[in-house]
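Reader: I have a structure to go through. Can we take it helix by helix, then side chains?

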Amino acid sequence: MNNYKELKVWQRSMELVENIYKIGTMFPSEEKYGLLSQIQRSAVSIPSNIAEGAGRNSDKEFKNFLSIAYGSSNELNTQLLISQRVGYLKKEDTIIIFNQIEEVQKMLFSLINKFSNL
């Protein structure tokens, strides 16, 4: 796998990152280096791991990085739920993002399963 930019899952995860940065403006300034920072790192980790895995030498390594990206998507999901619970985000503000996460997770799961015999 050479051109990760052609992967739909990478493209969708980049769109997710953009939306995460947009909702970051809803957080209080004291969370800039706390929960918001963790959310942004988790989101950025998804396309970053897809890209890194695509640049590796084997399908087995690629699968491992896809699994890491999937884990980051779960981490992001949890952090957004925490943000809702503590009142930083309203449910209606995150509907699109949760849908994006679910779409990316389905794509990652499918791609991971493609390499299931490794």
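Reader: Start with H2. What span should its residues cover, and how far apart are its end C-alpha atoms?
Author: Helix H2 takes in residues 35-54, which is 20 residues. At 1.5 Å a residue they should span 28 Å, and the end C-alpha atoms are 29 Å apart, so the two agree. The expected span is 1.5 Å times one less than the number of residues. Helices are DSSP runs (H or I, at least four residues), numbered from the N terminus.

Reader: What am I looking at, and how is it numbered?
Author: This is a predicted model, with local features needing pLDDT of at least 70 and side-chain atom pairs counting only at pLDDT 80 or more, while totals for chains, interfaces and linings use all residues. Residues are numbered from 1 along each chain as its sequence is written, and side-chain values use heavy atoms, with hydrogens and water left out.

Reader: Back to H2. Where is the kink?
Author: At Ser45, shortly before the proline Pro47. The kink is about 30°. That bend is the angle between axes fitted to the seven residues ending at a residue and the seven starting there.

Reader: Is H2 mostly covered or mostly open?
Author: Mostly covered: 15 of its 20 residues are buried. Buried means under 20% relative accessible area, exposed means over 50%, and partly exposed is in between (1.4 Å probe, protein chains only).

Reader: Switch to charges. How many salt bridges are there?
Author: The structure holds 4. The rule is a side-chain nitrogen of Lys or Arg within 4 Å of a carboxyl oxygen of Asp or Glu.

Reader: Which residue does Arg12 pair with?
Author: Glu103, at 3.2 Å from N to O. Arg12 sits in helix H1 (residues 8-23) and Glu103 in helix H4 (residues 91-114), so this bridge ties together parts 91 residues apart in sequence. Arg12 is partly exposed at 25% relative accessibility. Glu103 is also partly exposed, at 34%.

Reader: And Lys106, what does it bridge to?
Author: Glu102, with the closest N and O atoms 3.3 Å apart. Both are in helix H4, 4 residues apart, so about one helical turn separates them. Lys106 is exposed at 54%, while Glu102 is partly exposed at 38%.

Reader: Which residues make up the network?
Author: Glu52, Arg56 and Glu61 are linked by salt bridges. In the bridge between Arg56 and Glu52, the closest N and O atoms are 2.6 Å apart. Arg56 has a relative accessible area of 35%, so it counts as partly exposed. Glu52 is partly exposed too, at 37%.

Reader: Aromatics next. How many pairs?
Author: The count is 3 aromatic pairs. Tyr4 and Trp10 have ring centres 5.2 Å apart and planes at 70°, so they are edge-to-face. Rings of Phe, Tyr and Trp (its six-membered ring) pair if their centres lie within 6.5 Å; planes under 30 degrees apart are stacked, over 60 edge-to-face, and the rest tilted.

Reader: Are Tyr4 and Trp10 buried or partly exposed?
Author: One of each. Tyr4 is partly exposed at 26%. Trp10 is buried at 14%.

Reader: What about Phe27 and Tyr88, what kind of pair is that?
Author: A tilted one, 5.6 Å centre to centre with 55° between the planes. The pair links distant parts of the chain, 61 residues apart. Phe27 lies in the loop between H1 and H2, and Tyr88 in the loop between helix H3 (59-85) and H4. Phe27 is buried at 7%, whereas Tyr88 is partly exposed at 23%.

Notes
Helices (H or I, at least four residues) and strands (E, at least two) are DSSP runs, numbered from the N terminus.
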